[in-house]
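Work through these exercises with the structure open beside you. Try each task before you read its solution.

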Amino acid sequence: MFTGIIESVGHLRKVERRGDDIRLTVASGKLDLSDVKLGDSIATNGVCLTVVERLADGYVADISAETVSLTGFAHYAVGTAVNLEKAVTPTTRLGGHMVSGHVDGIAHVDDRQVRGQAIEFWLTPPAELGRYIAHKGSITIDGVSLTVNEVQGHRFRLTIVPHTAGETTLIDLKAGDSVNIEVDLIARHLERLMSYSSEQQAEQPKSEVTMDLLARSGFLR
């Protein structure tokens, strides 16, 4: 689990294709690796990756074909900058929102405008994800926890304050770019809970016991 508060911007030192899978070597920048062990998780541009080898200034991780198909990693190359965050601990401040690191898909940047000191972006996600995106709700873009400021259909607008822009890769985003997107975790689970409840109710056999039957049988007076 992560918070979407980025700890460092790193870059890809090596991208090794292994069939449909990818092995990455990530230079971790200022990220503190002193407490990172093999098997630990690090969100890399919003994707939860498992450390399979720890280096003095980075780590190695494997990406499955499933993850490659849902994220921008299929198009990343050596030198690509990535947002990094270590998994939370019981004492971590939850400054963003609950982020699983399981990316739902890729959104496209439609427009970028500078508004005062901030940067505004309009993005278009896959249409099927639009129902999870709410005005003033939370969303994760390349691992960054952000607030949705406006929704039009399934398109949405983000406002990036200077600190967030300067501490992440978002400062370099421009129209035409693609980003990894993870919708709100609670929204996904609520949808499943509601649909499952409906399915269960539909499968229940209809009772033949009616108020009239109870009255005729002497149970109601």
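**Exercise 1.** Which side chain does the side chain of His-97 join through a polar contact of 2.7 Å?

Solution. The partner is the side chain of Ser-145. A polar contact is a pair of N or O atoms within 3.5 Å; within protein, one must be able to donate a hydrogen and the other to accept it, and residues adjacent in sequence count only if both atoms are side-chain atoms. Now look for another partner. A polar contact of 3.3 Å links the side chains of His-97 and Thr-140.

A note on the source: this is a predicted model, in which local features need pLDDT of at least 70, side-chain atom pairs count only at pLDDT 80 or more, and totals for chains, interfaces and linings use all residues. Residues are numbered from 1 along each chain as its sequence is written, and side-chain values use heavy atoms, with hydrogens and water left out.

**Exercise 2.** Where does His-97 lie, and is His-97 buried or exposed?

Solution. Start with the elements. Strands are DSSP runs (E, at least two residues), numbered from the N terminus. His-97 sits in the loop between β6 (81–86) and β7 (105–115). Next, check accessibility. His-97 counts as buried because its relative accessibility is 9%; buried means under 20% relative accessible area, with a 1.4 Å probe and protein chains only.

**Exercise 3.** Which residues stand opposite Thr-140 in β10 and in β12?

Solution. Take β10 first. There Thr-140 faces Ser-145. Four bridges join β9 to β10, and the two run antiparallel. Strands pair if DSSP finds at least two bridges between them. Then turn to β12. Here the bridge partner of Thr-140 is Glu-182. Two bridges join β9 to β12, again antiparallel. Finally, view the whole: a closed barrel of six strands runs β7-β8-β11-β10-β9-β12, with antiparallel pairing.

**Exercise 4.** Which residues touch the most other members of the largest nonpolar core?

Solution. Define the core first. A nonpolar core is a set of buried Ala, Val, Leu, Ile, Met, Phe, Trp, Tyr and Cys residues joined through side-chain atoms within 4.5 Å. The largest has 23 residues, and Ile-139, Ile-141, Phe-156 and Leu-158 touch the most other members. Two or more residues come from each of β7, β8, β9 (138–141), β10 (144–152), β11 and β12 (178–182). Another core, of 20 residues, lies apart from it and includes Val-51 and Phe-73. Leu-158 in β11 stands opposite Phe-121.

Notes. Buried means under 20% relative accessible area, exposed over 50%, partly exposed in between (1.4 Å probe, protein chains only).
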